[in-house]
Amino acid sequence: MPKLMQKTIDSLLKGTSRSFYLTLKALPSKVRSQIGLGYLLARISDTIADSIKGSTSQRLEALEQYNNRIQKRSNTLPNLSILAQLQHNPAEAELLEKATIPVSYLEEFSNTDQQYIRRVLDIIISGQTLDLKRFTHASPNTILALNKEDELDDYTYRVAGCVGEFWTHLCLNHLFEVDAAKEAQLFENAVLFGKALQLVNILRDLPEDLRAGRCYIPASLLSEQNLKPNDLLNHQNIDRFQPIYNSYLKKTVDYFKAAAAYINMLPFSQFRMRGACTLPVILGLKTVTLLQQTNILKNENRIKVSRSEVKLMMRQTILALSSPKRTQKLISLYRDA
């Protein structure tokens, strides 16, 4: 690959991610580029979908055209320059302006790896498209919610659970082999791993999403507590909302247990992959702890782990890689906090 293209890809990755860039640097070299590109391509589609100042129809059309180019159903990328000008984040504006580079980079990989990348992007974009259509008429004065829990489960698979499958396909193709029974268990845990990370984001972003008119907590569950989506704008309703909120925090922790099992199934020799997977798990569990300690309906600032704590987690992860038992002990430390 041309050095200029590699330099641009690395710059885009560093500019559009914080915690993931740390994970990426820890990955084994045989899968690092494929996973990094998958992230960038998904980040482009996510930026398109989240361009609030762009009309819904404009974003849907751009997403479809973008995916058609990724899937090789078209040779032309949509013109993303207008959406780029609407971005508040300069790094995301640059990502849209330079989208042709990561898209072209896709052609540098083997046919099998290209297939994995295209498949996961197709699923992710289907989730982003569904989300845009679902919340087309959402506004701060009109909060729309998912109807049933199945819809939330489907959404978390499309935008994150499938990423766990993607990572596992690459691992089995490039890093190690397992028997059929273990492979099936790996994929099952991989999907729950991805869902755990997405649920953390959904719970953490609840106040911001509500202010935008979006509620990912299903209306069917809210009604059981005599709540409507608009009621979540009032922090005094936390007592009624707390049982629902706690159930999702518990589900997130249960999913992270599956993520820990996933890490434990990785061969001992794959210490880089274990490290790359361990960091987001303990970061996610720490975020759950912070969410448990606050009235999420009252919180106007996005909860996040401090940079100093992230650096501490990095050091702890490195030290824990000497044995699978130490890795699991570290995860348990954050899970039981």
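Mentor: The lining of the second largest pocket divides into eight nonpolar, three polar and two charged residues; here Ala, Val, Leu, Ile, Met, Phe, Trp, Tyr, Cys and Pro count as nonpolar, Asp, Glu, Lys and Arg as charged, and the others, Gly among them, as polar. This is a predicted model, in which local features need pLDDT of at least 70, side-chain atom pairs count only at pLDDT 80 or more, and totals for chains, interfaces and linings use all residues. Residues are numbered from 1 along each chain as its sequence is written, and side-chain values use heavy atoms, with hydrogens and water left out.

A pocket is found on a 1 Å grid over the protein atoms alone, as an open set of points where a 1.4 Å probe fits, with protein on both sides within 12 Å along at least five of seven lines; lining residues have an atom within 4 Å of a point. Grid points are joined across faces, edges and corners, and a volume is the space filled by probe spheres set on the points. The volume of the second largest pocket is about 240 Å³.

Its lining has 13 residues, and Leu22, Ala26, Met314, Thr317 and Ile318 lie nearest the centre of the pocket. Two or more lining residues come from each of helix 2 (19–26), helix 14 (271–292) and helix 15 (307–320). Helices are DSSP runs (H or I, at least four residues), numbered from the N terminus. With five residues, helix 14 gives the most to this lining.
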